[in-house]
Amino acid sequence: MAKLTIRDLPAEKISGKRALVRVDFNVPLDEHRHVTDDTRIRAALPTLDYLLERGARVVLLSHLGRPKGKPEQKYSLEPVSRRLSQLMPSRKVLFVESTDTDDAMKATNQLKDGEVLLLENTRFLGGEETNDERLARALAELGDFYVNDAFGSAHRAHASTEGVARHLKPAVAGLLMEKELAYLHGALETPKKPFVAILGGSKISGKIDVIEALLPKVDALLVGGAMACTFYKAMGLETGKSLVEPERVEMAEELIEKAGTILILPHDAVVAPSIEAGGKAKTVGRENIPADMAMLDIGPRTAESYSRAILSAKTVLWNGPMGVFETPPFDKGTRAIADAMAEATSKGATTIVGGGDSAAAVEQAGLASKMSHVSTGGGASLEFLEGKTLPGVAILDEK
Ligand code: ADP
Ligand code: MG
């Protein structure tokens, strides 16, 4: 099931050709429309450099935010084009504001070898999210081959991520896409053992399929976050004011039964009357959660035993923070996991972080570079871990 990548293309298929590259430049902007975090732009640079060094003319497609199929100034990619040209000082970076595909076509034909052209937000186009056939065909005219480097958008069958690749061949993966697939696929299919997964976050409901998919593959599945409280409820424990999903309790009970000793729940909890009342936080055993308090982080004993499990593993996969990491003191459990993963990496383990908030927590701790891989795709990485087919990947050419 391996996909062709740009590295499989012979030089003559790249040089002088228009490479139509779908990237994920869905970056945060401030009120002055300045890019506040350019991680996603920088993540695409290896692919762009690879193509440009080989004489391609690079045409970029991306979405930004959620405009409703028509132009909206605040979602223009123009600020992104400015940031991109700063990041590629030796390259000419052009931007086409028009959303008329004829104008875009003209611009791609005027492009010279080694130049970059960013087109306007794909979600300004009516047929993008409905994967309109006519739009897909029009987009396919904008390049001589197609590259998908937007892993974060690959779980959506949109015209720029899926439809276009039906009509423009070869359709191959970029280097970021290749890296994402290699790590996630490797963890699921050929993990070095022991393989430990850590799952957390706010809701069990969004992650049940991930738990089901991981259980047969992992040696231990460590649970944290509010998710743990739904399991506590299933065990008949008092959960106080913790975030519990009552309609998932039965399912949690089934999972506990099915998983046996593989599923591990926190032994202790950091509780407080509310997120705002951090000053009143205290640690309790899981059977002693007060009725008027909520579990907002895993406790120190749990953090320690989870860290030990991580350090004994050869493959570690983490999705979902252990607590309300945005608000100290409830960030400690998440931080402990990030530290243990960084240490495991330095001892030779393969460590993978998936999920938007978990990735943000690792960035915030300054530990992103200490992980083997931090996925750029929140929703896409979750769907991948659930074992779902990502339409933007499935449509790419096979090796
Ligand atoms: P990811 O984006 O990494 O997949 P999620 O979106 O599932 O993670 O969950 C992240 C959110 O979960 C964070 O905003 C965090 O504050 C929240 N959270 C974690 N633990 C708890 C808890 N015990 N109570 C309430 N919210 C929690
Ligand atoms: Mg999230």
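How do the residues of the lining of the second largest cavity divide into nonpolar, polar and charged? There are four nonpolar, two polar and three charged ones, with Ala, Val, Leu, Ile, Met, Phe, Trp, Tyr, Cys and Pro counted as nonpolar, Asp, Glu, Lys and Arg as charged, and the others, Gly among them, as polar. This is a predicted model, so local features need pLDDT of at least 70 and side-chain atom pairs count only at pLDDT 80 or more, while totals for chains, interfaces and linings use all residues. Residues are numbered from 1 along each chain as its sequence is written, chains are lettered from A and ligands numbered from 1 in the order in which they are written, and side-chain values use heavy atoms, leaving out hydrogens and water.

Rolling a probe the size of a water molecule over the atoms shows where empty space is left. On a 1 Å grid over the protein atoms alone, a cavity is a set of points where a 1.4 Å probe fits but cannot get out, a pocket is an open set with protein on both sides within 12 Å along at least five of seven lines, and lining residues have an atom within 4 Å of a point. Grid points are joined across faces, edges and corners, and a volume is the space filled by probe spheres set on the points.

Two cavities of 30 Å³ or more turn up. The largest holds about 90 Å³, and its lining includes L61, D100, E120 and L142. That lining splits into six nonpolar, three polar and two charged residues. The second largest cavity comes to about 40 Å³, with D24, R40, F151 and T376 among the residues around it.

D24, R40 and T376 show up again in the largest pocket: along with S375 and G377, they lie nearest its centre, out of 36 lining residues. This pocket has a volume of about 860 Å³, and its lining has ten nonpolar, 17 polar and nine charged residues.

What about ligand 1? It is surrounded by 17 residues (a heavy atom within 4 Å), and K207, M295, E326, D357 and S358 are the closest. Looking at polar contacts (here, pairs of N or O atoms within 3.5 Å), a polar side-chain atom of S358 sits 2.4 Å from a ligand 1 oxygen. A polar backbone atom of D357 is 2.8 Å from an oxygen of ligand 1, and for a backbone N or O atom of G356 the distance to a ligand 1 oxygen is 3.3 Å.

Conventions: A polar contact is a pair of N or O atoms within 3.5 Å; within protein, one must be able to donate a hydrogen and the other to accept it, and residues adjacent in sequence count only if both atoms are side-chain atoms.
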